[in-house]
Amino acid sequence: MILENVTYVPTLAIRASEMNGLEFLPGATKDRMTPCFLLAPWANSKTLDRAITRIERAFPNRHYFLDIDRNYQTTNDQSVAQQEYMSLLDDGDAFRNWIAFVTKYEWVWPCVQIEGQSEREIRRQIEAIQSLRRPYCMRVSLNVLPININEIVQAFAADGSADFAIILEGGWTDDPLTFFPRFTGFIRETLAPINAAVPVVCSCTSIPKIFTEFNSDNPILVEFSNRQLLEQISRNTNRETVIYGDWGSTRPREPGGFANRPLDRIDYPMDRGWYIARNKDKGWDFCKAAKAIVNSEGWDGELGIWGEELIQQTTINEELGIDTPQKNVAARVNIHLHKQAFFGEGRIDPIAFEEDWED
């Protein structure tokens, strides 16, 4: 069955911090997850194929879900990669361009493009993917529920099969528990016609959007309730498999960006939260913030993974560790993904993550 023995389905945008954080995870950690990547052009690449190359460098020889990142904003109509991205949004002939694109990559489990599609058009997509002998995915945003949701559900329920997964996406929220009635109502009622054996992933993120309030001599713990949300959903639905999802400690793309470079800080993930080390009043640099994390009660120091080692190196010399906001996020993503993949497993001997060196 699809997603059998998978405990974690993170949603990841194709950005440098996410890709670096994922790439430097141990293979044993990657084996416990099946990410859903949101396709957009990679950096300044000349073709959209480079985005797939970057995904598969970070997550080699493993299946993954792929959807189109509809929050990506094109900036250059002369860019071939951006032109190719726009062509995938063309819904003509039941998203023919999308099907042709995903067909090229054997590790891709495609998300069916459902926006504005009739039941018949969605069935055509599903049949095209089934002809490739691959699983597929229904990914639905609960914040902006498609107006054709009944046709979507009927298309996926048509043959009664369970060769696909469902990702219910809540996006960003300041309190995941507020999603409980929305998730459970959708699963119980809207998804009722679909085979109960189809696994359902419940995903959202609550990583802070603004960090100006973090200004302290000691790291501040920001708790997240995603796990509690999943536990409540699992108890209150009749689905056979409900799987944890989040955004890997990031959030969806938003218009614009930072007007100024963010102040130096270090973020350190816990099982159900993040420690944030930042002190504007004392002008902390990355080194001082890293020392505050390493000296805090939440510090582990024995995970044996890249993100934690990067923080340790930063306490010695920023140039050896974290010296940009992007590296801080990459380290945070790395540790967060690892901890969520092994959530509830207790202490794991770091030796288990050692891998043979490949030259």
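This is a predicted model: local features need pLDDT of at least 70, side-chain atom pairs count only at pLDDT 80 or more; totals for chains, interfaces and linings use all residues.

Trainee: Where is Glu169 found, and why does Glu169 count as buried or exposed?

Mentor: Glu169 is found in strand β6, which covers residues 164–172. Its relative accessibility is 5%, and buried means under 20%, so Glu169 counts as buried.

Trainee: What makes the approach of the Glu169 side chain to the side chain of Trp247 a polar contact?

Mentor: The distance given for that contact is 2.8 Å, which can be set against the cut-off of 3.5 Å for a pair of N or O atoms, one able to donate a hydrogen and the other to accept it. A polar atom of the Glu169 side chain also lies 2.7 Å from the backbone nitrogen of Gly171.

Trainee: How do you know which strands are the edge strands of the sheet?

Mentor: The open sheet is formed by 4 strands in the order β5-β6-β7-β9, with parallel pairing. Its edge strands are β5 (136–141) and β9, each of which pairs on one side only, and the twist from one strand to the next averages 20 degrees.

Trainee: What makes β5 and β6 a pair?

Mentor: Two strands pair if there are at least two bridges between them, and β5 and β6 are joined in the parallel sense over 6 bridges. Within this region, Val140 stands opposite Leu168 in β6.

Trainee: Why is α1 described as roughly parallel to α3?

Mentor: The axes of helix α1 (residues 16–23) and helix α3 (residues 49–58) come within 8 Å and cross at roughly 30 degrees. Angles under 35 degrees count as roughly parallel, and therefore α1 is called roughly parallel to α3.

Trainee: Which residues meet where α1 and α3 are in contact, and how many are nonpolar, polar or charged?

Mentor: From α1 there are Met19, Asn20, Leu22 and Glu23, which meet Arg54, Ile55, Arg57 and Ala58 in α3. By class, this contact has 4 nonpolar, 1 polar and 3 charged residues.

Trainee: Which residues of helix α9 are buried, and what do they pack against?

Mentor: In α9 (residues 226–235), the buried residues are Asn226, Arg227, Leu229, Leu230, Gln232 and Ile233. They pack against α8 (180–190), β7 (200–205), β9 (242–245) and α12 (325–341).

Note on methods. Residues are numbered from 1 along each chain as its sequence is written. Side-chain values use heavy atoms; hydrogens and water are left out. Helices (H or I, at least four residues) and strands (E, at least two) are DSSP runs, numbered from the N terminus. Buried means under 20% relative accessible area, exposed over 50%, partly exposed in between (1.4 Å probe, protein chains only). Contact means heavy atoms within 4.5 Å. Axes are lines fitted to C-alpha atoms, for helices over the stretch in contact, and angles run from 0 to 180 degrees between N-to-C directions. Angles under 35 degrees count as roughly parallel, over 145 as roughly antiparallel, 65 to 115 as roughly perpendicular and the rest as oblique. Ala, Val, Leu, Ile, Met, Phe, Trp, Tyr, Cys and Pro count as nonpolar, Asp, Glu, Lys and Arg as charged, and the others, Gly among them, as polar.
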